[in-house]
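Subject: Structure for you to look at

Hello,

Here is the structure I said I would pass on. My notes follow below it.

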Amino acid sequence: MAEFNFSKVLRDVAQVIETRVLLQMPVKTGKLKRSLRTIVDNEQIYLVYEDYGVFTNYGTGPYYNGNYGQPAELDSYRGYVKGQGGIQAQNWSSIYTSDDVQIQQMLEDELTRQTEAAIEEAFK
């Protein structure tokens, strides 16, 4: 029986996510943006960046939205908003629903391709 291998499509998906996040990241010195890496490991995708990125992403003080270590909601990117007594959450790690649909379609297409190849192989 053929095993499904999603490593290539997951790398492609990771590139879509990285591109979107790079477009949304706040830039003051460029250090945060330069630090962004996507890692595909064990069929999971991780975003890795400078530690302080969580503060600009999820907010601090009265603006902290309780999501450190959790993904932001889709379409929650708002851009920079000045705050008082803390950093307002910018949600730059979220992706738009249209990107989410594109990613789901990429995964579905690969699953279909591999399923059809496995069926064809089984009937040879």
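Is Y68 buried, partly exposed or exposed? Y68 is partly exposed, with a relative accessible area of 34%; buried means under 20%, exposed over 50%, and partly exposed in between, using a 1.4 Å probe and protein chains only.

First, the basis. This is a predicted model, in which local features need pLDDT of at least 70 and side-chain atom pairs count only at pLDDT 80 or more, while totals for chains, interfaces and linings use all residues. Residues are numbered from 1 along each chain as its sequence is written, and side-chain values use heavy atoms, with hydrogens and water left out. The chain averages a pLDDT (the predictor's confidence in each residue, from 0 to 100) of 86, and 95% of the residues score at least 70.

W92 sits in the loop between helix 3 and helix 4 and is buried, at a relative accessible area of 0%. Its contacts (heavy atoms within 4.5 Å), not counting residues up to four places away in sequence, include V21, M25, L32 and Y49. The C-alpha atoms of W92 and Q24 are 5.2 Å apart, although 68 residues separate the two along the chain.

Regards

Definitions and conventions
Helices (H or I, at least four residues) and strands (E, at least two) are DSSP runs, numbered from the N terminus.
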